[in-house]
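Here are my notes on this model, point by point. Please read them with the structure open.

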Amino acid sequence: MATVAFLGLGVMGYPMAGFLANAGHSVRVYNRTASRARQWLDSYPGEAFATPAETASGAELVFACVGNDNDLREVVTGEQGAFAGMQAGSLFVDHTTASADVARELAAIGAERGIGFLDAPVSGGQTGAENGALTIMVGGEQADYERALPFLQCYARATNLLGPVGSGQLCKMVNQVCIAGIVQGLAEGLHFARAAGLDAEQVVEVISKGAAQSWQMENRYKTMLAGEYEHGFAVDWMRKDLGIVLDEAKRNGALLPVTALVDQFYSEVQALGGGRWDTSSLFARLMHVRPFEDKTD
């Protein structure tokens, strides 16, 4: 068992830190809103601290799951950031979905201090975090990955080392590109089914057994048809991620016309007041632009 730190107890970090505690590790936690850390302590054994530096002090591994590049820099390299409390030989594992550039930047700073660094964004959403069934995409050194793996397996169903630091973030960008296109396709399919007067649920029952099947179809079509969008990753966060993707594409020359279009569609969902709706709310946009009643009711 090890002493570990976890920075960021949002909808993802909260259960992830809990799995580490339940596995028997000594867990030190930090959250910008201190009441959230106190709430975590009501559910799990551990200690809460006032700053990332205090939290990281004495920890063999420090994990983080925060909002964006700037949040990450603040908790890692700020005056009271984690690196100020970490010792040479320790390892920082970042689960934030951020840019590959910030991963490389922080890894270089850590290397100067003898601190290892892995960028390890996750996929699976809140449900995956709560069920310990995340997929983790990792960039970094093989030795650091092997050191972190037993801890990652506390809340992951699959982990892969993709290459040097930054590779995990680049893989997560691919993940978001694929999700954006799939959700838009599903939204259009359901919208078409309603326009055609078909029973959309019956349609999905048939096509989900064939090549059209996807996780999104299996897990989101019913809530989409019901107009319920409180079941996962928020539109605001998806737009943040797609912004990172599109910035990276400008640098590497990738052509992402569908991704850019879906990003625009999500901006329209935000304008409808759906910034906190989940990403399946692309269907709500279509129903707002051209509403069709379910003719099978």
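How exposed is Arg73? Arg73 is partly exposed, with a relative accessible area of 27%. Keep in mind that this is a predicted model.

1. **The Arg73 pairing.** Arg73 forms a salt bridge with Glu105. Their closest N and O atoms are 3.0 Å apart. Arg73 lies in helix H4 and Glu105 in helix H5, so the pair ties together parts that are 32 residues apart in sequence. Glu105 is partly exposed too, at a relative accessible area of 31%.

2. **Length of H5.** Helix H5 covers residues 100-112, which is 13 residues. At 1.5 Å a residue it should span 18 Å. The C-alpha atoms at its ends are 19 Å apart, which agrees.

3. **The buried face of H5.** Which residues of H5 are buried? They are Ala100, Val102, Ala103, Leu106, Ala107 and Gly110. Viewed down the axis of H5, these buried residues fall within an arc of 155°, so they line one face of the helix. Their cover includes helix H4 (69-77), strand E6 (116-119), helix H8 (167-195) and helix H11 (235-252). Just after H5, Gly114 takes a positive phi of about 75°.

4. **A buried lysine.** Lys172 sits in helix H8. Lys172 is buried, yet has no salt bridge. The nearest side chain of opposite charge is that of Asp241, 4.5 Å away. What does the side chain of Lys172 make a polar contact with? The partner is the side chain of Thr97, at 2.7 Å. Beyond its neighbours within four places in sequence, Lys172 is in contact with Thr97, Pro121, Val122 and Met137.

5. **Asp241.** Asp241 is itself buried, with a relative accessible area of 3%. Its side chain meets that of Lys240 in a salt bridge (3.0 Å, N to O).

6. **H11 to H12.** Arg239 forms a salt bridge with Asp263, and the closest N and O atoms are 3.0 Å apart. Arg239 lies in helix H11 and Asp263 in helix H12 (residues 257-271), so the pair ties together parts that are 24 residues apart in sequence. Buried or exposed: how do the two partners count? Arg239 is partly exposed, at 27% relative accessible area. Asp263 counts as buried, at 10%.

7. **Overall salt bridges.** The structure holds 8 salt bridges. Asp101, Arg104, Glu248 and Arg251 are linked in a network of them.

Terms used
Residues are numbered from 1 along each chain as its sequence is written. This is a predicted model: local features need pLDDT of at least 70, side-chain atom pairs count only at pLDDT 80 or more; totals for chains, interfaces and linings use all residues. Side-chain values use heavy atoms; hydrogens and water are left out. Helices (H or I, at least four residues) and strands (E, at least two) are DSSP runs, numbered from the N terminus. The expected span of a helix is 1.5 Å times one less than its number of residues. Buried means under 20% relative accessible area, exposed over 50%, partly exposed in between (1.4 Å probe, protein chains only). The arc is that of the directions from the helix axis to the C-beta atoms. Contact means heavy atoms within 4.5 Å. Lys and Arg count as positive and Asp and Glu as negative; His and the chain ends are not counted. A salt bridge is a side-chain nitrogen of Lys or Arg within 4 Å of a carboxyl oxygen of Asp or Glu. A polar contact is a pair of N or O atoms within 3.5 Å; within protein, one must be able to donate a hydrogen and the other to accept it, and residues adjacent in sequence count only if both atoms are side-chain atoms.
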